[in-house]
Amino acid sequence: MAELFSRLLSQSSVWGAALTIAAFGLGTVLQRRSGKAWCNPLLIGALLVMAVLALTGTPYPEFKISAGAVSYLLLPATVSLAIPLYEKWELLRENAAAILAGIAAGVAVSLGSMVLLSRVMGLDPAQGATLLPKSVTTAIGMDVAETLGGMPSLAGAVIVLTGIVGSLSAPWVCGTMRIHDPIARGIGIGTSSHAIGTSKALEMGDVEGAMSGLAIAVAGILTALLAPVFAKFL
Amino acid sequence: MKWVFQSGRILGVCFLAEILAELLPLPVPASVYGLALMLAALKSGLLRLDQVKDTGRFLVSILPVLFLPATVGIMDLRSELSAMLLPCLIAAGPVTVLVMAAAGLVTQWVRRRGGGNHG
């Protein structure tokens, strides 16, 4: 049975993409039915796919190849974040000082607390370098981790986890910290939890989404430039 | 056909971005170059908004699904993850909240001090 199944899978080039969308769809339905924020479609969907792969004994690399069509869209989708940003250009220009100050503060807190955490927990430099770029988009973060001698694949996992935490906690953080300003919300979410957080920011509003998209790019570049400096203290 | 041509323009920008990422010696990935290039193309009038808007908005709206395959990759990293589970959880949990609060509060504070309009 399992053999037949894996033969069928190896002859299909679309099952990974179909499984991805089906699992995400189920996650969406579950979130709608339950109304619970932690029923995040990405989280539920990923757990479902993991369960299916484990039950059928399918190795992850096979799934990854078959789901390639989905991952392929990641670059054009990230580039398209420029569109909401362009539509909010005036807002961006008028608030450039506040936006840059906010992103710089977030990046400094992120890199600083990762250095502190590494020291307190006695991590070796490779482990520290893996965690250092955890708040920026996977594309930048994995590159940074590798350049500094960390483990890029684990960095990618922590980055995704960070994004999910950010998108789940965003309404709560903004509420308890009394961050009511839509620009400040977007900058906070994008700086801390990159594109996964940004999808939450887009749900909160147009301005939140555009600012969060901007923060991905600026925080990513700033982290790429500053991480080597902070890595010296690991 | 509108969707095809809009996709073509977006992919063209992506391709230029990939070339830049390859040629320039900075640790900046293609996605960031692409975002900047797309913004520059729109600002300069090289591309009009309606030439990329529909496909671009569609792509932005499906962003969360696109991360799913990479997220599943965590299942192959069990040993690395278990070796430093606690630091990873602290990094992804409390630190993320801290960073969000810092960036958000500083932005809000500077804006309230008069660094911009309040709209």
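The model is a predicted one, and its chains A and B bury about 7400 Å² between them. The largest pocket has a volume of about 690 Å³, the second largest pocket holds about 320 Å³ of space, and a search of the whole structure finds 1 cavity of 30 Å³ or more.

**Interface of chain A and chain B**

- In this model 90 residues of chain A are in contact with 69 residues of chain B, and of the area of about 7400 Å² that is buried between the two chains, 81% lies on carbon and sulfur atoms.
- Tyr60(A), Ile83(A) and Tyr86(A) supply 9% of the area that chain A buries against chain B, which is more than any other three residues supply.
- The rule finds 9 residue pairs in polar contact across the interface, with both residues at pLDDT 80 or more, and it finds 3 salt bridges there.
- On the side of chain A that touches chain B, helix α12(A) gives the most, with 13 residues, and by class that side has 60 nonpolar, 24 polar and 6 charged residues.

**Salt bridges**

- Over all chains, a search of the whole structure finds 7 salt bridges.
- Arg111(B) lies in helix α8 of chain B (residues 94-112), whereas Asp181(A) lies in the loop between α12 and α13 of chain A, so this pair joins two chains.
- In the salt bridge that Arg111(B) forms with Asp181(A), the closest N and O atoms are 2.5 Å apart.

**Largest pocket**

- The largest pocket, with its volume of about 690 Å³, is lined by 28 residues, of which Leu74(A), Thr138(A), Ala139(A), Met142(A) and Ala70(B) are the closest to its centre.
- Both chains take part in this lining: α4 (60-66), α5 (68-72), α6 (74-80), α11 (138-147) and α12 (152-176) of chain A each supply at least two residues, as do α2 (30-44) and α5 (68-72) of chain B.
- Sorted by class, the lining of the largest pocket has 17 nonpolar, 9 polar and 2 charged residues.

**Second largest pocket**

- About 320 Å³ of space lies in the second largest pocket, and of the 19 residues that line it, the closest to its centre are Phe24(A), Pro41(A), Ser199(A), Glu203(A) and Pro64(B).
- Two or more lining residues come from each of α2 (15-34), α3 (41-56), α12 and α13 (182-204) of chain A, and likewise from α3 (53-61) and α4 (63-66) of chain B.
- Helix α13(A) gives the most to the lining of this second largest pocket, with 5 residues, and the lining as a whole has 11 nonpolar, 6 polar and 2 charged residues.

- The largest cavity has a volume of about 50 Å³, and its lining is made up of Val107(A), Ser110(A), Leu111(A), Leu132(A), Pro133(A), Lys134(A), Ser135(A), Val136(A), Thr191(A), Ala219(A) and Thr223(A).
- The elements that give two or more residues to the lining of the largest cavity are α9 (96-120) and α14 (206-231) of chain A, and α9(A) gives the most, with 3 residues.
- By class, the lining of the largest cavity has 6 nonpolar, 4 polar and 1 charged residues.

Key
Residues numbered from 1 in each chain as written. Chains lettered and ligands numbered in written order. Predicted model: local features only at pLDDT ≥ 70, side-chain atom pairs only at ≥ 80, totals over all residues. Heavy atoms only, no water. 1 Å grid on protein atoms, 1.4 Å probe; cavity = no way out; pocket = protein on both sides within 12 Å on 5 of 7 lines; lining within 4 Å. Points joined across faces, edges and corners; volume = space filled by probe spheres on them. Helix = DSSP H or I, 4+ residues; strand = E, 2+ residues; numbered from the N terminus. Nonpolar A, V, L, I, M, F, W, Y, C, P; charged D, E, K, R; others polar. Contact = heavy atoms within 4.5 Å. Buried area = accessible area lost by both parts, 1.4 Å probe. Salt bridge = Lys/Arg side-chain N within 4 Å of Asp/Glu carboxyl O. Polar contact = N/O pair within 3.5 Å; in protein donor to acceptor, adjacent residues only side chain to side chain.
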